[in-house]
Amino acid sequence: MLWFLIIPLYCSTAVPQINDVIVEYSNETIQPNLATNFSFEEIENKSPTGWKWSKRNTDSQMTVDDSISHTGKRSVKFQNKTPFGAHVYGSMWTEPPIHVKPKTRYTLSFYALSDSPGAAWVGGGAGWNIRIGIQPTDGKWRRFSRTFTTGSDETEFVLRINTDSPTPGFWVDDIKLEEGSSATICKPPENHKGLVLATPWWPSAIPDGPWEGVFEVYSPEKLSVTIETSLFQGDDTFQHSTDTNLSEGLSLIHIKGKAVDPKDDPCELILEISDSGKILARDSLQIRFLSLSNAEKRLEALKKESKELNKIIQRVKEMGIDPAYPLVGVTTVSDFIQYVKADLDHDEIERAFDQLNQMEAIAKNTRKNLESVIAGDVKLPEVPRYVTSPIEIDGSSFVANTRYSADDMEKRRPVFFTGYGHFSQVRSDLEKFPGYGVNIIQIEFGPRSIYPEENQIDDSIIDTYLKDFDRAAKAGVSVCLLISPHYMPQWMMDKYPQLNIEKQGFLRYCLHVPEGQEFLKRYLRYITPKIKDHPALHSICLANEPINPVPPECEYAQRLWHEWLEGQHGNIESLNRLWGANYKNFDEIPIPGGVEPTPLGYEFTIFNQEWFAGWHKMLADVIHESAPDIPIHTKAMTWNFFSDQDQRYGVNAELFAEFSQINGNDSANMYNHGRGEWNQNWQLNNMGHDLQLSVADIPVFNSENHIIRDRDTKYIPSGHIRTALWQAAIHGQGATTIWVWGRTYDPRSDFSGSIMHRPECVEAVGHTGLDLLRLSKQVQSIQNISPRIGLLYSTTAMVYDGGEYTTCQSRLYRALSFTGFKLCFVTERQLANGDGHRPDVLLVPNIKHLSDAAFDALEKYPGKVILMGDVDILRLNEYNKPRGNVPDWDKIQYKQSETDAEALWVKILEKLPEWNLLPLVDVRKPDGSYHWGVEWLAAKYDGKVVVNLIQHGREKQEVHLTYKEKPFAGLNMFNNIKISGKATLKPLEPVILIQDIP
């Protein structure tokens, strides 16, 4: 049965013009739900029938909630008090598993309700690879869904609901697993009496012309109802109402209209179904009406404005004023005009409008700023720009020539390098980058380009790149070259089949094969003399995201492993005594398949770390044969430093620093989109940089800086970019190239959502890069603070103690970040060898296994040693053997399942006076207590005190600052505003203050 209702709708001129709306109802078949007891109505022993629950190692609980539901009478509620950690979670799962067909498309959907779900997900399947994260739902039930394809041999699907971090509560209801590529309505349980309303499809952006969206409604009976549709855009409203009939079962409500040159402001569409004034069902969603003709008009206006802004920039230059900051905005707007035009041509309408909105805002602010400069109301700061010149390394800083203007004399000073990677677009845009406020790129080529065939050498890539180097030198842009050994020629793989071995990562061939090593040496001996003297060359990066998971069957690795063991132990009897083993000879000892908490697993981890660092050193030594002054680094992924499971990869920051002149890394700080406690994932960057500075006082270069998640097309505020870059510098980053300067129209590409689709973020990169150049000496002074608090870093504990150590370490680092002290790490090797920092207080984060050499040194440690844990701290050595008595060091109680980072922070704040630790500048709330989430560091610089602050939390905070018990009266060096003892910290807005020492 089918009904049509055509109603002319009034629309004010301020809202999208809609000629009419058609409401169409039609009966449809509901797609079967493969999940049983999907609405949790059937209960046995206080748990849903067909589901099992385990809190495992958490203080979490699952309850059947009879007071709230999406449909039916019940839902399931999850609460959790246990901090996030490796392998720490509570889980509820289906038993028996759900039968599925291999290589088949399925869609999983569910409803959730929570304002603060923490880290929680619904999913499962093979390897738990299907995970739909639960986001805050703004006080209403929200449907989440994901479509996936089962594996080639997958016949069972275990459905799970997991809670992985603290949450006051989240509710789940109406889980549906169905065959097909879209989520359809979940038929409610039989005891559900009301309507169910859902939105299976709706366009996220509606262009000019006809438009249509669909609602689904399920009714258990025939009803006469009123359907009211409301469209809100700002203060303007469009409404219509109609009376009609609903059939029993499923109906589709099609809403149709026509948009004529609409505004692109977001609209809220609300659909309500009522009977005699009582609302039976309600749903709402946000939509945007985007007009192509409107976009083209705005683009033309921006072209004209761009020309005018460039003229004003020239006028400012003629006035003798440095226009570096407004030039970033003008360059961004001018260049992005072509990108928006291309997006419109490729029907990327929504992305084009997002960029248009940002570009118009940039243009407006830039014009306002420039006009204020010309009027004399605003003074632009001068920026010392990098000039192509020899680059030296002084501690954690790069030092190079700079110049304030073309007529100014060059002066050497600390220089921060900020820029982009990594492919053809950065090479194309070399001359543009100074206008963008950046001064470095990373590019790559590998041996496959030089040796395309066995007896052939091709110099074309070198010749092309040297021309790019010439352009870069002229533009004042430095170049980091990644020499990419992962590009092994196919002919080498064919000639030496022993290279072919199944591995993870980029280096997918056997690194232990001598023929492969000799080939890489030949490659480096050939290319290094051709590039080594170019003035644009910043440094050479040896490898991209290097890991070396060694397959147990690798004969070459086995041989090297056995030789290493013999060198360590001398004879098999000595090894057997230490290991408690019964091997007849070294050749019997296998390569473990992963991280194994045994003497075998421990020693293989050490062997692999030493060998992998030695493999890199081999490459570095070849380069330094002909180019001893070129700085070397490798692109180590910082998460490998802190993961117990990643110890199988052979990545060790300390050993990597031994062949490096730069602490190279590939790190990440992603925006959280309102989820979790923090605005961004700041801790990994800070920890990684602090660890690398602790093992070597040389600059950190994050040459693949992931500040935007691949394929994340949601809006990201510019403050996230600015904070990520600035705080990384505070923690030692001297150079960075951001992933990735490239655009795409393929939503599956890693480039999708990249910074090159985000003009607001591009401007933030440039402004932050200029700030780092201008304030390089002040930032350097903070980088050079002598740390007074340290954390013991233990490979032994990562092998044996797993999440118990790494989780405590992570929570402890977070807690210490909000105390006003610079942190460092002291590694086992440093401790045993007497190297590295010796902070006043050294904290031992729940380490049960520590090497004997490190323990012996710890007993002689000159400062305070504080143990964090409850039982068995430091009781076992690297061979899993118990040691004698542990000294009666001070201890802070810590329990994995109970003590979160904030609880540790409270305990540490109480201990700081006892440890005789007071921050140089004290930062507190108006009531005298400390701020959870406010990070600050203070240093003395050139007769002044400089303090950097950031609020990692989501709300602005008023802070009171004192120096030697007197109000800190400083100048904000970003905006030149003075403060007197107090300041307001806004999220994603770092502040750097400076005052003279009284």
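A: In this predicted model, the second largest pocket has a volume of about 1600 Å³. Its lining is made up of 48 residues, and those nearest the centre of the pocket are Tyr325, Arg722, Asp771, Phe974 and Asn975. Helix 3 supplies the largest share of the lining, with seven residues. Sorted by class, the lining of the second largest pocket holds 22 nonpolar residues, 13 polar ones and 13 charged ones.

The salt bridges come next. Over the whole structure, a search finds 41 of them. Some of the residues concerned are joined in a network: salt bridges link Asp264, Arg288, Arg298, Asp354 and Glu360.

Three further pairs can be described one by one. The side chains of glutamate 431 and arginine 471 form a salt bridge, with 2.8 Å from N to O. This pair connects distant parts of the chain, as its two residues are 40 residues apart. Glutamate 431 sits in the loop between helix 4 (424-428) and helix 5 (433-436), while arginine 471 belongs to helix 7 (residues 460-475). Glutamate 431 has a relative accessibility of 45% and so counts as partly exposed.

Lysine 521 and glutamate 518 are both in helix 9 (residues 514-531), three residues apart, which is about one turn of the helix. Their side chains meet in a salt bridge at 3.2 Å, N to O. With a relative accessibility of 44%, glutamate 518 counts as partly exposed.

The remaining pair is arginine 403 and glutamate 410, which form a salt bridge whose closest N and O atoms are 3.3 Å apart. Arginine 403 has a relative accessible area of 27% and is therefore partly exposed. Glutamate 410, at 37% relative accessibility, is partly exposed as well.

Terms used:
Residues numbered from 1 in each chain as written. Predicted model: local features only at pLDDT ≥ 70, side-chain atom pairs only at ≥ 80, totals over all residues. Heavy atoms only, no water. Salt bridge = Lys/Arg side-chain N within 4 Å of Asp/Glu carboxyl O. Buried < 20%, exposed > 50% of the residue type's maximum accessible area, 1.4 Å probe, protein only. Helix = DSSP H or I, 4+ residues; strand = E, 2+ residues; numbered from the N terminus. 1 Å grid on protein atoms, 1.4 Å probe; cavity = no way out; pocket = protein on both sides within 12 Å on 5 of 7 lines; lining within 4 Å. Points joined across faces, edges and corners; volume = space filled by probe spheres on them. Nonpolar A, V, L, I, M, F, W, Y, C, P; charged D, E, K, R; others polar.
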